[in-house]
Amino acid sequence: MNKQRVVIALGGNALQKNGEVSAEAQKSVANQVGETIARLSRKYEIIIAHGNGPQVGNILLHEETAATPAAPAMPLETAVAMSQGQIGYWLMQAITNAFAREKRRRDVATIVTQVVVDPKDPAFRHPTKPIGQFYTAAEAVKLAKSKRWEMREDSGRGYRRVVPSPQPIDIIEKKQITTLVEAGAIVIAVGGGGIPVVRSKVLKLLRGVDAVIDKDAAAEKLAELVKADIFVSVTAVPNAYINFGKKDQIALGLITKNEANHYIKAGEFGTGSMLPKIEAVTRFANTRRIGIITDPANLENALRQKTGTIVKG
């Protein structure tokens with residue numbers, strides 16, 4: 001039986017229940033994800049992408065507060081790599097254990113993934129993505145001078161570092177990911193949007209840059225490159241909505257890419273929440289494939305196109 005290939009993008013908060021940040025609490029949630037993935041693997045080839053916002057924030061906090069001249073803090077792009085290993089380990093173990101309980105065996109692999117961005121991307125001139133902890137105005141001034149960070153006030157809560165969020169243009173490990181999937185493995189990749197790298201023109205050398213790539217944009221790019229049939233953005237709500245939060249809000253079910261683009265242009269989706277998800281699934285649907293938005297509880301039914309927001313070309 002030929003299985004459909006699916007890229008499933010989990011939000012960084014998907015591993016946190018009630019905001020719990022301990023490793024054990026997040027492993028517990030990962031175990032639930034593992035059970036679902038093990039079931040789905042009977043019908044689908046699966047690649048898992050994931051966010052890392054809460055986790056990389058904690059890594060940066062530890063790095064910054066414990067830094068000394070002898071042991072300086074790691075840069076942001078390295079912290080993203082650290083979070084890929086951390087979350088990948090949790091998911092990999094959870095999925096492997098789910099198979100063991102079913103007395104089945106499947107290979108599960110985490111790929112530390114580099115995602116190429118354009119050094120001339122306008123995002124590098126206009127950083128917008130807040131990361132890390134909050135600082136006072138005085139601390140922000142010092143950090144801007146000493147570390148050359150761009151600092152910005154965040155909703156009355158203090159000042160945070162803001163970094164560029166460029167668009168992904170290629171994924172270095174795409175062939176390795178495809179090979180593993182074709183061999184029957186479940187693959188975890190492009191964690192946290194991937195490690196942002198730029199590539200030199202002459203020798204094609206790679207260099208990490210301090211930026212944060214949107215998780216859904218990177219996962220959608222991966223879905224294109226590995227020729228997936230379905231791309232799913234798993235979030236906190238079962239559907240995308242128009243008039244969200246109002247009395248007349250409407251859950252979107254099956255819609256065309258043209259309808260989705262109409263709602264995007266009408267400003268129906270929050271910039272920092274639903275907008276990147278609906279943009280990603282719509283972009284994927286442009287290739288005559290299927291893009292889905294749903295929550296964890298409805299994932300299986302959404303893949304059968306019985307619920308969720310389904311965008312088709």
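The largest pocket is lined by 44 residues, with Lys129, Asp214, Lys215, Gly272 and Lys277 lying nearest its centre. The model is predicted, so that local features need pLDDT of at least 70 and side-chain atom pairs count only at pLDDT 80 or more, whereas totals for chains, interfaces and linings use all residues. Residues are numbered from 1 along each chain as its sequence is written, and side-chain values use heavy atoms, with hydrogens and water left out.

A pocket is an open set of points on a 1 Å grid over the protein atoms alone, with protein on both sides within 12 Å along at least five of seven lines, and lining residues have an atom within 4 Å of a point. The space in the largest pocket amounts to about 1300 Å³, a volume being the space filled by probe spheres set on the points. Its lining comprises 16 nonpolar, 19 polar and 9 charged residues; Asp, Glu, Lys and Arg count as charged, Ala, Val, Leu, Ile, Met, Phe, Trp, Tyr, Cys and Pro as nonpolar, and the others, Gly among them, as polar. At least two lining residues come from each of helix 2 (53-66), strand 5 (129-135), helix 6 (215-225) and helix 8 (275-285); helices (H or I, at least four residues) and strands (E, at least two) are DSSP runs, numbered from the N terminus.

The second largest pocket holds about 250 Å³ of space. Among its 13 lining residues, Gln32, Val33, Thr36, Pro296 and Ala297 are the closest to its centre. Helix 1 supplies the largest share of this lining, 6 residues.

Technical notes: On a 1 Å grid over the protein atoms alone, a cavity is a set of points where a 1.4 Å probe fits but cannot get out, and a pocket is an open set with protein on both sides within 12 Å along at least five of seven lines; lining residues have an atom within 4 Å of a point.
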